[in-house]
Amino acid sequence: MSDNKQISFMRSLCMGEIEEELIIPFPQLNENELGTVKDILPTIDNWLKDRGPDFRKWDRQAELPPEFIEEMKQMGLFGVIIPEEHGGLGLGATAYSRVLQQVARHDGSVAITAGAHSSIGMRGLLLFGTPEQKNKYMPKLASGEMIAAFCLTEPGAGSDAASIKTKAVREGKEWVLNGEKLWITNGGIAQFFTVFARTEKEEGGQMTAFIVTRDMPGVSVGPHEDKMGLRASSTTTVFFENVRLSDEHILGEPGKGFKVAMKVLNSGRTGLGGGCVGAMKHVITEATKQAKERTQFGKPIAEYGLVKQKIGHMIVECYASEAAVNMVAGLVDQGYEDYAVEAAISKVFATECLWRTADEGLQIAGGNGYMCEFPYERIVRDCRVNRIFEGTNDILRLFIALTAMNDVGKQLKEISKSLDGIFDDPIKGFGVLSDYARRRLSAATGVANEKGTFTKIHPALKDYSTVFEEGVRDLSAAADRILRKHGKNIIGKQFATKRLADIMIDLFVLACTLSRVNSSVAAKGIANCTKEIEILTVFSGQVRRRTKGNFGKIDNNDDELIKSLADHAYEIEGYGWDTI
Ligand SMILES: Cc1cc2nc3c(=O)[nH]c(=O)nc-3n(C[C@H](O)[C@H](O)[C@H](O)COP(=O)(O)OP(=O)(O)OC[C@H]3O[C@@H](n4cnc5c(N)ncnc54)[C@H](O)[C@@H]3O)c2cc1C
């Protein structure tokens with residue numbers, strides 16, 4: 001573990017340095033939490049295992065019945081991350097993510113109801129609340145007497161969260177809050193809202209986070225949204241009309257609400273990641289049973305290569321996603337502060353792996369997969385939104401790569417002047433990137449050491465660490481080349497930016513997977529890790545091929561042609577060719 005809690009594995013990597021002490025050994029739950037989690041998991045399974053028909057019914061009805069929400073409260077699902085002194089379980093990020101994973105193995109709507117409460121709804125209070133605020137609300141949030149919701153999105157402000165219009169205006173000692181928040185998870189059942197509002201100037205003004213409760217005059221909610229998936233979870237508009245607040249309702253510092261929002265979203269990502277891993281495990285269980293039971297052409301379909309190919313890929317993606325999600329949770333639990341890039345990567349990777357797994361699971365089930373009687377179609381519907389909410393994967397990719405280029409750009413003396421200021425607000429949704437390169441240099445002690453290679457990887461895993469190390473060398477060279485090529489126009493070069501992000505995603509997940517297998521080998525011996533090494537072999541091969549393709553496309557691509565086709569489609573508003 002590094003003493004410098006400001007350090008980021010990925011941001012260092014972009015400068016060619018492998019900070020292996022951040023990721024090796026693979027993080028483990030401490031004994032205390034491990035015991036608690038081991039008690040909770042079977043309790044969740046026993047509670048939910050026979051509820052399949054209910055979940056299907058509630059999906060159709062588009063509502064979790066109040067009696068079931070009562071059961072969730074009794075199970076303590078709303079108090080998982082709340083400190084024990086306030087009546088919760090006080091679990092850290094890793095344990096919380098694991099608990100949510102277990103819930104998501106049974107149903108997405110239940111997982112998102114619990115997850116939106118802890119991951120984003122009340123997390124601002126946990127991270128930024130004063131002792132008085134915590135004493136007042138935490139016990140009720142732990143018991144579920146108050147369910148929490150996170151209110152950032154508005155009709156005109158989605159990805160561009162900084163452009164919200166909801167406003168809180170000073171009137172004497174009070175604040176008067178007016179505005180409308182869209183698609184708020186738990187909106188219809190929440191009593192506690194973390195609300196982001198513009199304060200001070202109307203245009204370009206700062207943002208402040210407020211605690212608002214359902215019982216305040218002027219708070220109301222719209223009808224339950226009719227959604228594609230997660231249908232039983234509550235999603236509503238929340239309205240604030242002349243809601244009167246005092247300074248005691250401010251969360252964090254006035255004017256620093258954007259920081260609160262981003263910190264909440266970053267630190268909550270391991271909840272969503274855990275949910276994705278749980279849903280993948282569910283699909284794998286169902287799909288393997290289905291493949292063994294279904295016979296076609298005289299054999300169980302499980303025996304056919306194309307079915308095995310799907311299952312094998314699901315296993316690799318589930319293992320790699322779990323490695324990335326647990327790694328980020330481990331960084332959070334160890335007190336590292338700069339994990340935004342790693343958290344964004346784990347969200348993008350896990351949500352996309354779940355999407356492919358759900359789709360392939362449905363394919364293995366064939367026509368049954370399309371029938372509502374089976375769980376596959378619901379899982380496909382439920383998991384689609386994961387790539388949209390808590391930051392779309394497209395915006396997160398921009399954030400991941402622009403952070404790297406910001407850091408690399410600072411080091412390129414000859415062009416750093418011309419880049420001055422361009423990353424200050426690359427995508428408003430993620431705010432100003434900190435000057436990592438300078439911060440890191442000033443934090444470094446002693447003589448600069450060679451950090452381009454791993455030293456803590458078992459010799460039997462050398463081939464895989466070499467794939468990673470070569471990728472790292474190419475990564476910093478690629479970031480450098482892209483910046484030199486595009487200079488200050490880089491902000492508009494999203495094709496190139498996405499490629500860099502995809503390389504970074506692959507490399508981080510490979511590092512996590514390598515670390516996970518490395519720790520397994522250390523604990524169990526190489527002979528007992530053959531399957532995990534097979535996973536690593538497949539995944540590192542995929543990463544090598546994908547990154548090679550992405551590096552190759554930096555200079556040789558059809559980006560301009562693709563843009564030209566899109567421009568043509570915009571012009572005629574559709575597809576321009578017909579065979580008749
Ligand atoms: C079921 C559900 C639950 C939700 N729960 C909550 C909640 O609890 N609290 C909350 O505050 N919000 C919530 N949201 C809102 C969610 O966070 C937003 O939908 C999300 O941030 C995206 O915003 P948008 O839908 O307005 O899409 P837009 O921002 O309009 O984006 C549309 C498309 O354009 C792309 N795009 C946008 N800008 C750029 C750019 N600069 N470059 C390239 N591509 C770009 C996006 O990636 C996306 O593909 C929820 C949404 C859903 C569907």
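Helices are DSSP runs of H or I with at least four residues, numbered from the N terminus. By that rule, Thr357 is found in helix 12, which covers residues 340–365. The model described here is a predicted one. The protein chain contains 21 helices and 10 strands, and 18 residues of the protein surround a ligand. The points below treat the chain as a whole, then the ligand and its surroundings, and finally a number of individual residues.

**The chain as a whole**

- The protein chain has 580 residues, and a compact globule with that number would have a radius of gyration near 25 Å; the chain has 24 Å, which agrees.
- Along its principal axes, the C-alpha trace of the protein chain spans about 70 × 70 × 65 Å.
- Of the 580 residues in the protein chain, 56% count as buried.

**The ligand and its surroundings**

- The shell around the ligand is made up of 18 residues, of which the closest are Phe150, Thr153, Ser159, Thr185 and Thr392.
- Strand 3 (174–185) and helix 15 (393–411) each supply at least two residues of the shell.
- Two backbones come into polar range of the ligand: a polar backbone atom of Leu152 is 2.9 Å from an oxygen atom of the ligand, and a polar backbone atom of Trp183 is 2.8 Å from a nitrogen atom of the ligand.
- A side chain is also involved, for an N or O atom in the side chain of Gln494 is 3.0 Å from a nitrogen atom of the ligand.
- Taken alone, the ligand exposes 970 Å², and the protein buries 66% of that area.

**Backbone geometry**

- Most residues other than glycine have a negative phi, and most peptide bonds are trans.
- Ile24 and Pro25 are joined by a cis peptide bond, with omega at about 0 degrees.
- Pro25 is found in the loop between helix 2 (20–23) and helix 3 (31–48).
- Glu390 has a positive phi, near 55 degrees, although this residue is not glycine.
- Glu390 lies in the loop between helix 14 (376–384) and helix 15.
- Is Glu390 buried or exposed? Its relative accessible area is 13%, and residues under 20% count as buried, so Glu390 is buried.
- Glu573 likewise has a positive phi, near 55 degrees, in a residue other than glycine.
- Glu573 is found in the segment after helix 21 (559–572).
- Why does Glu573 count as exposed? The cut-off for exposed is over 50%, and Glu573 counts as exposed because its relative accessibility is 74%.

**Glu560 in helix 21**

- Glu560 has its place in helix 21, and at 52% relative accessibility it counts as exposed.
- The side chain of Glu560 makes a polar contact with the side chain of Lys563, at 3.3 Å.
- How far apart in space are Glu560 and Phe495, C-alpha to C-alpha? The distance is 9.6 Å, while the two residues are 65 residues apart in sequence.

**Buried residues and their separations**

- Gly79 is found in the loop between helix 5 (66–74) and helix 6 (93–104), and this glycine is buried, with a relative accessible area of 3%.
- Gly79 and His117 are 38 residues apart in sequence, and their C-alpha atoms are 9.3 Å apart in space.
- Ile211 has its place in strand 5, residues 206–213, and Ile211 is buried, with a relative accessible area of 0%.
- Between Ile211 and Ala320 there is a separation of 109 residues in sequence and 37 Å in space, C-alpha to C-alpha.
- Thr357, in helix 12, is buried, with a relative accessible area of 1%.
- From Thr357 to Gly305 the separation is 52 residues in sequence and 17 Å in space, C-alpha to C-alpha.

Methods. Residues numbered from 1 in each chain as written. Predicted model: local features only at pLDDT ≥ 70, side-chain atom pairs only at ≥ 80, totals over all residues. Heavy atoms only, no water. Near = heavy atom within 4 Å. Polar contact = N/O pair within 3.5 Å; in protein donor to acceptor, adjacent residues only side chain to side chain. Areas by Shrake-Rupley, 256 points an atom, 1.4 Å probe, with all protein chains shown as cover. Rg over C-alpha atoms; globule rule 2.2 N^0.38 Å. Buried < 20%, exposed > 50% of the residue type's maximum accessible area, 1.4 Å probe, protein only.
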